[in-house]
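Subject: Structure for you to look at

Hello,

I am passing on the structure we talked about. Please open it alongside the notes that follow.

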Amino acid sequence: MRSDTVTLPTTEMLDAIKQAELGDDVYGEDPTVNRLEEMAAERTGKEAALLVASGTMANLVSLMSNAKRGELVVLESESHMYWYEAGGVSAIAGLLPWPVKTEQGAFAPEDLENAIRPRNIHFPEPSLVCVENTHNRHGGTVVAPGQLRAISDVAQAHGLRVYLDGARLFNAAVALRICVKELTKHVDNLMFCLSKGLSCPLGSLVVGTQDFIEKARKMRKLIGGGMRQAGIIAAPGIVALETMVDRLEEDHRNAQLLAAGITKVEGLKVDMERVQTNMVLVDTSRLAVPAATFISKLKEEGVLASTIGKNKVRLVTHRGIEKEDIENALISIANVTARLLGHE
Ligand code: TLP
């Protein structure tokens, strides 16, 4: 349960890879890539899409295509782009990240308003606001359409674009039981990942206007991301969009089960309000050891988890983890915790 990125491709995906019609995508001639890009644009209600190798690359080419070097980008202070992308926002895109704190991932309109600095000779030009949905470090929390609209209203009033890191966008739509377009209509452009809950081996899609995607295509080439017979990546992506979205609900049910079980374990805490999709954040601060020690003990019991802070453990449900696995994991979690508390 370290991450939904560990999911392996289905047999149908492997068959689709074998049978994929291929061409050179840098010439725009891979029919399978073209089909996936059309599907991605259609699903999200945008004009065009671009297949890239990873979520990090999707975010990077999007930053480079939305803003010019030296400009300011407003990011959520716990966002993936700010925390986990090796500083590409400044090291490669040349932007000044302006982090803003939130309760559960969605900017409060007044906080966003305060972060957008007036146009002044001293300040970098603000050009972009980035939102993450679902929000990873907040525990897979969902940013609802109303919140996105409020964010977009503030950004628009100041002439800024809104970009969405939708690595787990389909989890958000499934959790809210709405069409994904209800979430994408409030942003200018976005990315979503095939390689997380949707179970593909790799790949992410950047989506937006025709002009934006043309620029992103050039930026992808610039950073060495132009791919040739990329249909072998696109083929499982098509299977994923056709067959893997609705099943995310099962991961969400398992996360609820897991979280509810952990709340009953003395010594551990879970904020159930944050358990909205396929993640569970566990507060281990009552144990005498850091979260890293807790997860190494869990590993000895066969349960893999990750830490996202000194006293915070992240567990992610995904395809391949069944209800019985959750029940077994709960037994291990209870045993390890009892031992650490000296109850055994
Ligand atoms: N997140 C990974 C790790 O990097 C932490 C995970 O296991 O959750 N945006 C968001 C919201 C993400 O969660 C991730 C991956 C990315 C972007 C980057 O995607 P990749 O790993 O494909 O570069």
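**Backbone exceptions**

Ala 86 is exposed, at a relative accessible area of 78% (exposed means over 50%, buried under 20%, partly exposed in between, with a 1.4 Å probe and protein chains only). This is a predicted model, in which local features need pLDDT of at least 70 and side-chain atom pairs count only at pLDDT 80 or more, while totals for chains, interfaces and linings use all residues. Residues are numbered from 1 along each chain as its sequence is written, and side-chain values use heavy atoms, with hydrogens and water left out.

Most residues other than glycine have a negative phi, and most peptide bonds are trans. Ala 86 is not a glycine, yet its phi is positive, about 55 degrees. The loop that holds Ala 86 runs between α4 (80–83) and α5 (88–91); helices (H or I, at least four residues) and strands (E, at least two) are DSSP runs, numbered from the N terminus. Arg 177, also not a glycine, has a positive phi of about 55 degrees. Arg 177 sits in the loop between α8 (169–176) and α9 (181–184) and is exposed, with a relative accessible area of 64%.

The peptide bond from Asn 133 to Thr 134 is cis, with omega near 0 degrees. Thr 134 belongs to the loop between β4 and α7.

**A buried loop residue**

Asn 136 lies in the loop between β4 (126–132) and α7 (145–157). Asn 136 counts as buried because its relative accessibility is 8%. Beyond its neighbours within four places in sequence, Asn 136 is in contact (heavy atoms within 4.5 Å) with His 80, Arg 168, Met 279 and Arg 314.

**Nonpolar cores**

A nonpolar core is a set of buried Ala, Val, Leu, Ile, Met, Phe, Trp, Tyr and Cys residues joined through side-chain atoms within 4.5 Å. The largest one has 56 residues, and Leu 51, Val 74, Phe 192 and Leu 198 have the most contacts inside it. Helix α11 (residues 231–243) gives the largest share of this core, seven residues. Apart from it lies another core, of 27 residues, including Leu 63 and Val 206.

**Two packed helices**

Helix α13 (residues 291–300) and helix α14 (residues 323–340) pack at an angle of about 130 degrees, with their axes 10 Å apart. Axes are lines fitted to C-alpha atoms, for helices over the stretch in contact, and angles run from 0 to 180 degrees between N-to-C directions. In α13, Phe 294, Lys 297 and Leu 298 meet Ser 332, Ile 333, Val 336, Thr 337 and Leu 340 of α14.

Regards
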